[in-house]
Amino acid sequence: MTYTATAAETTATATATTAAAQRPQLPAVLQQALAQAQEQGLAYAGSVAPLQAWQLVQQGLALLVDVRSAEERKFVGQVPGSAHVAWASGTALTRNPRFARELAALHAKQPQPLPVLLLCRSGKRSALAAQEAAKAGLPHVFNVSEGFEGDHDTQQQRGHFNGWRFYGLPWVQD
């Protein structure tokens, strides 16, 4: 007996193939991060280290979005060319209820769909922001682990142990 696909099945297969062809292939480092996140049961796409994030951004393979407050970016420093969507604002870090919508709007303005890399001070808020983006249905939103300033060292200071600035990656300060 020979099976012949119905018109609906053929159309569905063609639509899925077209959608897969239009969806950009994730770089290997992001595929690995995604696989690790799934293994760990994370509610977001995963994390990449600052050096990996910078390589992806330089190669035009990802969009870097700083989720720190405008005050942090101004007084602590920021990555040149990074986009900004605050996860929280003000000295009390009041949560931005429009975060997912603002991130989606920013992503939609890009000339081509790119994975999004979220950066905060230490990688904690950006992980929460990536989780919120995933919950809102935004695919391929990753956390930059260690963040801009890095984790605390043994003296409870940032910037001496790891993080974007520690590795000497590009940044500017007002």
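**Entry 1: ground rules.** I noted that this is a predicted model, in which local features need pLDDT of at least 70 and side-chain atom pairs count only at pLDDT 80 or more, while totals for chains, interfaces and linings use all residues. Residues are numbered from 1 along each chain as its sequence is written, and side-chain values use heavy atoms, with hydrogens and water left out.

**Entry 2: confidence.** I read pLDDT as the predictor's confidence in each residue, from 0 to 100. The mean pLDDT of the chain is 86, and 85% of its residues reach 70 or more. Over residues 1–6 pLDDT stays under 50, and the model has two contacts for them beyond four places in sequence, a contact meaning heavy atoms within 4.5 Å. Residues 8–23 also have pLDDT under 50, with three contacts beyond four places in sequence.

**Entry 3: the chain overall.** I listed six helices and seven strands, taking both as DSSP runs numbered from the N terminus, helices being H or I with at least four residues and strands E with at least two. From the N terminus on, the order of the elements is α-α-β-α-β-α-β-β-β-α-β-α-β. Of the 174 residues in the chain, 39% are buried, and among contacts with a separation of 6 or more, 58% are between residues 24 or more positions apart. The chain exposes about 9,800 Å², of which carbon and sulfur atoms supply 55%; accessible areas come from the Shrake-Rupley method with a 1.4 Å probe, and for residues only the protein chains shown count as cover.

**Entry 4: helix H6 and Arg125.** I then followed Arg125 into helix H6, residues 124–135. H6 has twelve residues and reaches 17 Å from its first C-alpha to its last, close to the 16 Å expected at 1.5 Å a residue, the expected span being 1.5 Å times one less than the number of residues. The buried residues in H6 include Ala127, Ala130 and Ala133, and their cover includes helix H4 (70–76), helix H5 (99–108), strand E6 (116–119) and E7. Just after H6, Gly137 takes a positive phi of about 90°.

Arg125 counts as buried because its relative accessibility is 14%. Not counting residues up to four places away in sequence, Arg125 touches Arg68, Ser69, Glu72, Trp87, Leu93 and Cys120. With Glu72 it forms a salt bridge in which the closest N and O atoms are 2.8 Å apart, the rule being a side-chain nitrogen of Lys or Arg within 4 Å of a carboxyl oxygen of Asp or Glu. This pair links distant parts of the chain, Arg125 in helix H6 and Glu72 in helix H4, 53 residues apart.

**Entry 5: other salt bridges.** I found the count to be seven salt bridges. The side chains of Lys74 and Asp174 meet in one of 3.7 Å, N to O; because Lys74 lies in helix H4 and Asp174 in the segment after E7, the pair ties together parts that are 100 residues apart in sequence. Lys74 is partly exposed at 39% relative accessibility, whereas Asp174 is exposed at 64%. Arg98 forms a salt bridge with Glu102, the closest N and O atoms being 3.2 Å apart. Salt bridges that share partners also join Asp66, Arg68 and Arg73 into one network.

**Entry 6: Gly46.** Where does Gly46 lie? I placed Gly46 in the loop between helix H2 (28–40) and strand E1 (47–48), and Gly46 counts as buried because its relative accessibility is 1%. Leaving aside neighbours within four places in sequence, Gly46 is in contact with Ala33, Ala37, Phe142 and Asn143. Gly46 and Ser145 are 99 residues apart in sequence and 9.2 Å apart in space, C-alpha to C-alpha.

**Entry 7: the segment after E7.** I looked up Asn162, found in the segment after E7 and buried at 7% relative accessibility. Beyond its neighbours within four places in sequence, Asn162 is in contact with Glu146, Glu149, Gly150, Asp151 and Tyr167. Tyr167 lies in the segment after strand E7 (141–144) and is partly exposed, with a relative accessible area of 33%.

Definitions and conventions. Buried < 20%, exposed > 50% of the residue type's maximum accessible area, 1.4 Å probe, protein only.
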